[in-house]
Every structure is written in C-alpha cells, then in structure tokens.
Amino acid sequence: MAIVGHKNQNADLASVGIKGTKTQYWNLTPEELIEETIKRGQGVLNDTGALAVDTGEFTGRSPKDKFIVKDDVTADSVDWGSTFNTPITPAQFDALYDKITAHLAGKDVFVRDCVACAHESYKLNVRVVNENPWANMFAGNMFLRPSREEIAGFNHDWLVIQAPSFHADGEKDGVRQHNFTLLNFTRKVIIIGGSAYTGEIKKGIFGVLNFVLPHDRKVLSMHCSANEGKDGDVALFFGLSGTGKTTLSADPNRPLIGDDEHGWDSNSVFNFEGGCYAKCIDLSAEKEPDIFRAIRHGAILENIVFNEGTRTVDYASKAKTENTRVSYPIHFIENALPVSKGGEPQNIFFLTYDAFGVLPPISKLTAGQAMYYFLSGFTSKVAGTEVGVIEPQTTFSACFGAAFLPLHPADYAKLLGEKLHEKSHINVWLLNTGYVGGSYGVGKRMSLPHTRALITAALSGKLNKVEYTAHPVFGVSVPKSADGVPAEILDPRSAWSDKAAYDAKANELAIQFNKNFEKYASQASEEIKAAAPKVEAKAV
C-alpha cells in the first residue's frame with residue numbers, strides 16, 4: 001500500500017476497517033485532485049478553468065434512501081414519524097459497513113481531513129474517504145480546511161465513507177435499493193453507497209449537526225443563508241428552492257457569512273461550512289454575478305452541458321438534470337467574511353414563493369407567528385418545475401428543510417421561540433417572492449427591485465417606523481408604506497381586481513396551512529396554535 005499526500009502519522013484507515021487499499025491519497029491540494037480526476041478520465045476543465053464532472057445515475061439527493069440507526073442514542077430522540085427518518089438496526093448497519101469497507105480493498109482511496117462549524121466551541125472534525133478524487137475535492141471545497149499543522153495532529157470525530165461503485169442488495173441489506181446513506185450516531189459514522197452525488201456528503205453532516213447541536217448543545221441549527229451589515233447586524237434568509245434565498249442574501253454591501261447551513265447559539269451565528277454549493281440552471285453574470293465569477297479554477301461543476309464544440313457551459317441546458325450545481329470555497333465570493341461567523345441576528349426573513357398571490361410582499365411576525373410559519377415552511381411549485389405539475393401546488397417543508405431534521409420540527413421551533421422571546425429586538429419578516437395581483441397565470445411575479453427595496457427598508461429600520469394593519473385571514477402585520485414600493489402592492493387584496501376572488505383564494509390557502517399543521521398540533525404550544533390563519537366558516 002502506498003501513501004501519497006499529508007496525514008497525521010498516527011492516522012490509519014485499517015483502524016476503521018479499511019484494509020488492503022492500493023494507494024491512499026491524503027489531503028491532496030485542489031490542483032493535485034484535478035490532475036487525478038482528468039488523468040482518470042472522470043472530468044475536464046471548462047473555459048474558465050473549473051472542473052466539470054458527471055455524478056452518473058444520481059444527479060440529486062435520494063431522501064427515501066437515507067437511514068438512521070435506531071439504538072439507545074436515537075430511539076427516544078429522533079422523530080421516527082417523519083418520512084425522512086427511516087430506521088435501520090445496528091446489526092444491519094454493521095453488516096453494510098463491513099461490506100463497503102471490504103469493497104475498497106485493492107482500490108485507490110482519497111482521504112480528506114476537514115472541519116464543520118466556524119465556531120471553536122462546536123467544531124466537528126470530519127474525515128471523508130472517497131473513491132473518486134473530485135468527490136474528495138468537493139469535501140475540501142465544502143467543509144472548513146485545517147492548516148498543515150492542524151492536519152498533523154488531526155483526530156476525527158466523525159467518519160464519512162463514500163463508495164459509489166458499491167451497490168447494496170436492497171432486500172438482503174435492509175435498505176430500499178442499491179443506493180443508500182446511513183447515519184450512525186453511536187459509532188459516529190456515515191456510509192454512502194451506490195451514488196456519486198456529492199450533496200449526500202454535505203447533507204449527511206448537516207443531518208449530524210441538526211441532531212447534535214439542538215439536542216446536546218441547545219444551539220439552533222438552521223437551513224438558511226446569512227450576511228452581515230457594516231455595523232455588525234446579521235440577517236438570516238430562510239427559504240426553500242426557488243424562493244430567492246441565494247439571490248437575496250447576496251449583497252455587495254453586506255459581507256456573506258454563508259449561503260446554506262448555520263448555527264445560532266446564545267450570541268452568535270456561525271457557518272457550518274467552508275464553501276457554497278449553488279444551483280447553476282439558467283445562471284448568468286447579470287442575475288447571479290457572485291456565483292458566475294466564482295466558477296473558476298478550484299470550482300467543481302456537476303452535470304452541466306457544454307455548447308457544442310466548445311468548453312463553454314450552456315447554463316440553460318437541462319439535458320442531464322435541472323439540478324446542475326457548482327461547488328467552490330466560500331472565499332471565491334469576493335465579499336465573504338474571512339471567518340464565517342457573526343453576532344446574533346437582528347432581522348430574519350422567511351422567503352416564500354406564493355404562486356396564489358395571497359400573502360403580502362412583506363409582513364411582520366410576532367414570536368408566535370414566527371414559530372408557526374417556521375414550522376409550516378410554505379412555498380409553491382408552479383407549472384414546469386416538475387413532471388405532472390400543471391397548476392400551482394402548495395408545498396410545506398418544516399423549518400424550511402424537513403428532509404434534514406432528525407429531531408421533531410417542534411424542537412427547532414421551540415428553540416427559535418426561546419431566542420425571540422429572550423431577544424425582543426429581533427424582527428422576523430415573511431417575504432413573498434411569488435405573485436401579486438392574482439394567482440399564477442393572472443397576477444404578476446413580484447418585482448425583484450421591489451423585493452430588494454423591502455429588504456433594505458427592513459434592514460435599515462425604516463419599516464419599524466411605519467403603520468401596519470393586520471391581515472384579516474393570516475393575522476400578520478402588513479406595512480401601509482415602504483420606500484420605493486407602491487402602496488397598492490403592499491396590500492395583496494388591493495392588488496386584485498376581483499376582491500371576492502382574493503378572499504376565496506386566501507381562505508383556500510389558509511385551509512391548506514391548517515391541514516398541514518395538524519401533524520404538529522400535539523407538539524405545538526398554545527402560542528403557536530394561536531398564530532394559525534383564521535378561516536371563514538362559509539369557506540370550509
């Protein structure tokens with residue numbers, strides 16, 4: 001067995017059951033991993049120097065194939081009622097672990113020592129073992145990168161093993177099909193087989209932190225982006241795919257803390273990651289200049305298509321997937337903070353793409369309403385986003401990231417509520433980036449300049465000085481005025497020509513909110529329940 005690269009002299013893969021490998025490549029530089037990828041025929045450079053690879057069969061995560069070991073550590077704490085938390089026995093995990101480690105015998109492996117959490121108190125040392133060099137480079141991009149001196153004394157807290165060429169026997173191995181992601185909180189190991197999609201690595205560790213930090217440390221883990229103003233004021237942006245989370249948090253006047261995963265303790269917000277994993281579909285220098293400029297040497301493009309006869313990316317192409325991605329270190333964003341950590345938030349934005357044109361462009365939430373809408377995690381799917389979607393459909397994802405939550409969503413909402421009650425100066429806003437003046441097909445998409453103006457008004461404190469009215473159905477506080485935004489847009493009912501049609505649609509949406517909330521009612525406080533929208537009896 002040959003060793004290439006840099007490692008802790010005491011580190012030994014044999015101690016974790018990985019034996020008889022051909023060559024172990026430890027902590028190679030991005031340049032070395034790019035060379036290995038190209039040499040093995042697994043990728044090419046595009047015209048800006050970024051590495052372009054294909055992830056093969058899977059071009060996205062497979063939530064139905066994620067399993068958590070059910071044992072003494074997790075039996076009474078994981079939310080086993082969630083469709084995203086499927087149990088597997090310790091014996092089944094051990095058997096698959098032995099198979100996947102044996103599968104690596106005689107193969108080259110790439111090992112990366114990295115860190116999650118940009119806060120000394122919560123640092124998690126992660127060792128990632130991959131079959132493919134570009135997947136190991138992804139781990140180096142996405143997690144925090146220890147120095148050469150830190151690597152010399154590195155001991156891992158968690159181990160991640162990813163072997164795409166290993167396929168499980170679904171029925172025999174206790175999983176659904178040949179691919180799987182298994183989390184074992186007792187052994188502190190994640191094993192990923194049958195899929196080369198790198199997002200499984202990133203979200204696997206996110207799932208770990210979503211269990212460990214709230215459950216053991218009382219730190220709120222969050223699926224959100226974060227930035228910081230010149231006075232140190234932090235803003236958080238929660239939102240599901242398509243709501244504008246990345247776009248709206250990218251602000252040349254507000255340095256980026258992180259774009260996807262954060263923790264919030266008693267007095268600070270900190271990034272879990274050391275990189276960004278951005279969607280590329282329809283990317284342009286005009287719409288997303290920061291991301292566009294970040295696609296250079298050291299970045300990894302996944303599942304993109306080149307314009308014919310060139311190495312120029314066709315960002316509009318969905319030939320391989322709509323989920324085209326780019327991974328890059330966070331310092332590729334020009335105004336990212338050197339340390340991805342800031343103070344506690346002063347403003348929190350819940351972004352929702354309301355295709356029904358019901359919710360106001362912006363509204364202010366009480367603590368109870370904040371917990372309610374956090375638990376709801378509402379947005380809409382519109383025609384063309386998925387096969388079979390021909391009309392707008394409501395979508396609810398608890399805490400704006402249900403697929404990544406090992407604990408019951410109410411546990412995260414309770415932590416949020418405690419922070420909001422303790423820090424009464426924190427403003428929480430519901431921001432509709434969807435439609436105004438009517439539903440999809442009738443109304444108009446909310447103007448991006450108007451949305452940015454509303455965010456600016458909220459961040460500057462100007463929205464704290466205007467009059468508000470309560471929405472008759474949803475109860476949220478709607479501003480009567482805002483700089484740079486026409487008053488008739490702020491009141492969603494006024495923007496509809498048919499007021500009776502608006503009232504009916506508002507009640508229809510409220511019914512769907514209440515129906516979705518039924519599964520959380522037994523765990524929710526009276527304060528949260530009181531924040532539910534009020535449905536007129538005649539509309540039920």
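I started with strand β13 (residues 234-239), which is mostly covered: 6 of its 6 residues are buried. Buried here means under 20% relative accessible area (1.4 Å probe, protein chains only), and strands are DSSP runs of E with at least two residues, numbered from the N terminus.

This is a predicted model, where local features need pLDDT of at least 70, side-chain atom pairs count only at pLDDT 80 or more, and totals for chains, interfaces and linings use all residues. Residues are numbered from 1 along each chain as its sequence is written, and side-chain values use heavy atoms, with hydrogens and water left out.

Then I looked up the partners (strands pair if DSSP finds at least two bridges between them). β12 pairs with β13 in the antiparallel sense over 5 bridges, and C224 stands opposite F238. The two strands form a hairpin with 5 residues between them, and G232 in the turn has a positive phi of about 85 degrees. On β21 I found 6 bridges to β13, running parallel, with V234 opposite P345.

Beyond its neighbours within four places in sequence, L236 is in contact (heavy atoms within 4.5 Å) with residues including M222, W264, V269 and I348. In the largest nonpolar core, of 103 residues, L236, I348, F350 and F474 touch the most other members. Such a core is a set of buried Ala, Val, Leu, Ile, Met, Phe, Trp, Tyr and Cys residues joined through side-chain atoms within 4.5 Å.

Definitions and conventions
Buried means under 20% relative accessible area, exposed over 50%, partly exposed in between (1.4 Å probe, protein chains only). Helices (H or I, at least four residues) and strands (E, at least two) are DSSP runs, numbered from the N terminus.
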